2 protein chains.
Amino acid sequence: MHDIPTPPPRGPQDAHPRLLAIDWGTTSLRGVLIGAHGRIVARRALPHGILHVAPDGFASAFEQHFGDWLEQAPALCLLSGMIGSRQGWQEAPYCPCPAGFDALCRNLAWLPAVGGVPIAIVPGMSVAPLGGVDTVAGVPDVMRGEEIQVFGALRLMQRRDGLLVLPGTHSKWVQVQDGVITRFKTFMTGELFALLTRHSILSRTTDVQASLNETAFVQGVQRGLRDEALGHLLFGVRALSLFDTLDPARSSSYLSGLLIGQELRDMRPAPGDTVALIGNDALALRYRLALAQLSCDTVVFGDEATWAGHQAVQTHLTETAA
Amino acid sequence: MHDIPTPPPRGPQDAHPRLLAIDWGTTSLRGVLIGAHGRIVARRALPHGILHVAPDGFASAFEQHFGDWLEQAPALCLLSGMIGSRQGWQEAPYCPCPAGFDALCRNLAWLPAVGGVPIAIVPGMSVAPLGGVDTVAGVPDVMRGEEIQVFGALRLMQRRDGLLVLPGTHSKWVQVQDGVITRFKTFMTGELFALLTRHSILSRTTDVQASLNETAFVQGVQRGLRDEALGHLLFGVRALSLFDTLDPARSSSYLSGLLIGQELRDMRPAPGDTVALIGNDALALRYRLALAQLSCDTVVFGDEATWAGHQAVQTHLTETAA
C-alpha cells in the first residue's frame, strides 16, 4: 500500500481561485484569474470584443476562452463592460446616478451558473434626466465598464471623493462625492480624433504616426480652452497648415490638444485638484500635460483599477451575505 | 438681288458678351456668360472641380469647357474659387482682412490672355494674425470664392454693412462694416456632419436620407447653443438613441441642429439682426430656422450673388480704368 503516492496536503497554492474577473468590451476581451490570496495568478487578453460574437454565441465564446479557468472552480465570475449591453450576453440595465458602490452591487445581472460557478454582469450607469429631445435639457449619458474602474481606483487610492477621467474613444469624466458617483460626462474625443485624421481634410496634413510633440500639444490645449466652436478650431488646423506654420508631425499633437482642451473647458477642474486618470500611459501623459495647464495634479491607474473594482464587488457580496 | 437674304442688322443680342464669369471650386465648376446688356445669356455647371484636373491641365480644361464661349470674344473672363489656390491654375495670394472691394480688385491675379480675352483670378481673403501656433492667439483663417459672393450679395442688397453666412462643407460667417470685410470665421460644419453620419458610431442610428424634421432640428440648435463641448453633445445623440428617444429619421436633423447651434453660439448674432444667407435653399432653410431662435431675420441669396460679384469687379475695373 505504501507504493501508492498520497496526494500532498491541500495548501493555499492549491485552493480554488477566488475570482474570475472579465472585462468584455466592444473590441477587446480581457480576463484575470485571482487566486485564493487575492493576487492575480493569470491574465488573458484577446481581440474578441462583443462585436466579434454572434448574438447567441456568448455562452460558447465564454467557455471557449475561459473554460480552463472555470475548471479550476473559482468562487465567482464577474463580467463588466459592453457584455452587459443590449448587444451583449445579457442586458444589465443601467444603474441611475447618483449611485454608490452598494447600488452597483445590488444591481448585478446574474446569469445561470456554469459548472457550478456563479456568474454576474456588472451594470453600467446612466445620468438622468431621460426626458428625451422633447425636453432639451433632458439628454442622458451612459457608461459601461468605466464604473467598475472608478470604484477600483477609489479603492486603490483609499478615497471616497474625486474627479476621475477615463480617456479613450469615448472619454468619461466622473465626479465622486462621499463614495457616490454624482455625475459623469462622455466626450467622443478619441472617435473624433480618429475620424478627423482618417477621413477629413485634416488627414492630408496630419501625420498620426508622429510621436507626441509636447509643445504643439499644449498649444492645442490652450486653444481648445477658448470659448470657440470646435468646428472653427478644427478649421484652424487646416489654415495653419496652409501657411506652413504647422507641419504634419506637429499637427497630430496640436489636434489632440484641441480636443482634450475642449474637454477641460467643459469640465473646468479647479486649480489644485488632483485628478485620477485611468488609462494607458500614452493617453495618461496627454491628460497629465493638459491638466497641468489648469494647475491640476494627476495620479494614473491602468488595468489594476478594473481588477480592484471586481475584487471590491466580490468583497461586498461576501460581507453583505455574511 | 432681292432673292439673296440680307443679314439682320447687328442688334444688342449680337454684341460681344460683356463677361465670362466662372466659379471653379474643389469639386464643381460653374460658369455663366453675361451679355452686352448685363444679363446672363448662358449657364453651365460641370462636375469638374480642380481636384479633377491635372496640375498642368488647367489651360486645356478651361478651353475644353469654355472654348465656345471664348470664341464669342467676351470683354473679360473672371474666375473665382479654389482655382486661385496653390492646387489651382495659378495661385492668387490671399488678400488680408480688413479689406474692401477695391483691395480685392487691385489684387486680381492676371493670366495670359486667351484668344485676346483678358483673364483674371479673384484672390481669396485671409484673417491675420499669422503668428502660427507659436503664438496661440495667432491662428489664421482663409476663404476663396466666398469673398466674391459676399460682395455680390451686398451689391444686390445695396448695403455696405452686415453679417453674412455661407453655409456648406466649411461654413463661413463674414462681418462687413462700411463695405470692408473686417473679419470672418470658418466652421467645418458640413464636413463634420458628413464624417459623423458616414463613419462614426452615430452613423448606425442616423438616417441621412430622412427629410428635415424641424422640431428635432430646433431642439438640436437649442442644445448646440449651450456652453458644452461638441464632443459631449455628439455623444448625447448616441445616448438619446440608446434610450429610444431619438429615432434615426429625427437624429439626422437633431445632429445638424447641434452643429449649426454651435456656430451661432460662437458668432452670437444680435437679436433683431438681419443675416444674409448665401447658399442653396435646403441649407438656407436650416440657418433661417436656427437664426430665428436668436430672433434674427434672414435674407437668402443663391448663385446670383456670385455672378453679381463678378459683374461688380468688371464694373470696378472699367470705372477705375476710365
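Student: By class, how many nonpolar, polar and charged residues does the lining of the largest cavity have?

Tutor: That lining has three nonpolar, two polar and eight charged residues. A word on the source: this is a predicted model, where local features need pLDDT of at least 70 and side-chain atom pairs count only at pLDDT 80 or more, while totals for chains, interfaces and linings use all residues. Residues are numbered from 1 along each chain as its sequence is written, chains are lettered from A and ligands numbered from 1 in the order in which they are written, and side-chain values use heavy atoms, with hydrogens and water left out.

Student: Which residues are closest to the centre of the largest cavity, and why are they called charged?

Tutor: Of the 13 lining residues, the closest to the centre are Glu228(A), Arg265(A), Asp227(B), Glu228(B) and Arg265(B). They are called charged because Asp, Glu, Lys and Arg count as such. Helix H7 (248-267) of chain A and helix H7 (248-267) of chain B each give two or more residues to this lining.

Student: Why is this space called a cavity and not a pocket?

Tutor: On a 1 Å grid over the protein atoms alone, a 1.4 Å probe fits in a cavity but cannot get out, whereas a pocket is an open set with protein on both sides within 12 Å along at least five of seven lines; lining residues have an atom within 4 Å of a point.

Student: Where does the lining of the second largest pocket get its largest share?

Tutor: From H6(A), with four residues. That pocket has a volume of about 1,400 Å³. Among the residues closest to its centre are Thr26(B), Met82(B) and His170(B). Its lining divides into 13 nonpolar, 19 polar and 11 charged residues.

Student: How do you know that S1(B) and S4(B) pair?

Tutor: Two strands pair if DSSP finds at least two bridges between them. S1 (residues 19-24) and S4 (residues 77-80) of chain B have four, in the parallel sense, so they qualify. Ile22(B) stands opposite Leu79(B) in S4(B).

Student: What makes S3(B) and S7(B) edge strands?

Tutor: The open sheet of chain B runs in the order S3-S2-S1-S4-S8-S7, with mixed pairing. S3 (40-46) and S7 (109-114) each pair on one side only. The twist averages 15° from one strand to the next.

Terms used
Points joined across faces, edges and corners; volume = space filled by probe spheres on them. Axes fitted to C-alpha atoms, helices over the stretch in contact; angles between N-to-C directions.
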